[in-house]
Amino acid sequence: MPMPVYSFFDEYDLSDKNIVIFTTHEGSGLGGSPETIRGLEPDANVSPDGFSSRGSAAGNQDDAIKEWVKKLGY
C-alpha cells in the first residue's frame with residue numbers, strides 16, 4: 001500500500017467501522033492489503049471481498065463495479 005494510506009490509518013481510529021478495499025494495480029491485485037489493514041485496524045470489519053482492477057482497464061469496469069457493489073449489499 002502507498003505510504004499515505006498508512007498515514008491515514010495512523011491518524012484515524014476505524015474501530016467498529018466497515019472497510020471495503022478497492023484499488024487499481026499493474027499486476028499485484030489486492031496484494032497483502034486486506035491482511036495489512038486487518039493488522040492496522042483490528043477492531044474494524046474488513047470486507048473479504050475487495051475489488052481490484054488493472055489500471056489500464058479501470059475505465060472499462062463499470063459493470064464489474066456495479067456487480068461488486070451489489071454483491072456487497074450496497
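**Entry 1: strands.** I began with the strand pairing, and I noted that S2 and S4 run in the parallel sense and are joined over 4 bridges. Since I am working from a predicted model, I treat every value here as computed from that model. Within this pairing I looked up Phe22, and its bridge partner in S4 turned out to be Phe51.

I then asked myself which residues of strand S4 sit on its covered face and which on its uncovered one. Phe51 and Ser53 belong to the covered face of S4 (residues 51-54), while Ser52 and Arg54 belong to the uncovered face. I wrote beside this the general rule that side chains in a regular strand alternate between the two faces of the sheet.

**Entry 2: the whole chain.** Next I stepped back to the protein chain, where I found 3 helices and 4 strands, which follow the pattern α-β-β-α-β-β-α when read along the sequence. I recorded that the C-alpha trace spans about 35 × 30 × 15 Å along its principal axes. Of the 74 residues in the chain, 23% are buried. I also looked at contacts with a separation of 6 or more, and 65% of them join residues 24 or more positions apart.

**Entry 3: aromatic rings.** I counted 4 aromatic pairs. One of them is formed by Phe8 and Tyr12, with 4.8 Å centre to centre and 35° between the planes, and this pair is tilted. The reason for the label is that planes under 30 degrees apart would count as stacked and those over 60 as edge-to-face, with the rest called tilted.

**Entry 4: the largest pocket.** Last, I looked at the largest pocket, in which about 260 Å³ of space lies. Its lining has 15 residues, and those nearest the centre are Met1, Pro2, Ile21, Thr23 and Ser33.

Methods:
Residues numbered from 1 in each chain as written. Predicted model: local features only at pLDDT ≥ 70, side-chain atom pairs only at ≥ 80, totals over all residues. Heavy atoms only, no water. 1 Å grid on protein atoms, 1.4 Å probe; cavity = no way out; pocket = protein on both sides within 12 Å on 5 of 7 lines; lining within 4 Å. Points joined across faces, edges and corners; volume = space filled by probe spheres on them. Phe/Tyr/Trp six-rings, centres within 6.5 Å; stacked < 30°, edge-to-face > 60°. Buried < 20%, exposed > 50% of the residue type's maximum accessible area, 1.4 Å probe, protein only. Helix = DSSP H or I, 4+ residues; strand = E, 2+ residues; numbered from the N terminus. Pairing = 2+ DSSP bridges. Contact = heavy atoms within 4.5 Å.
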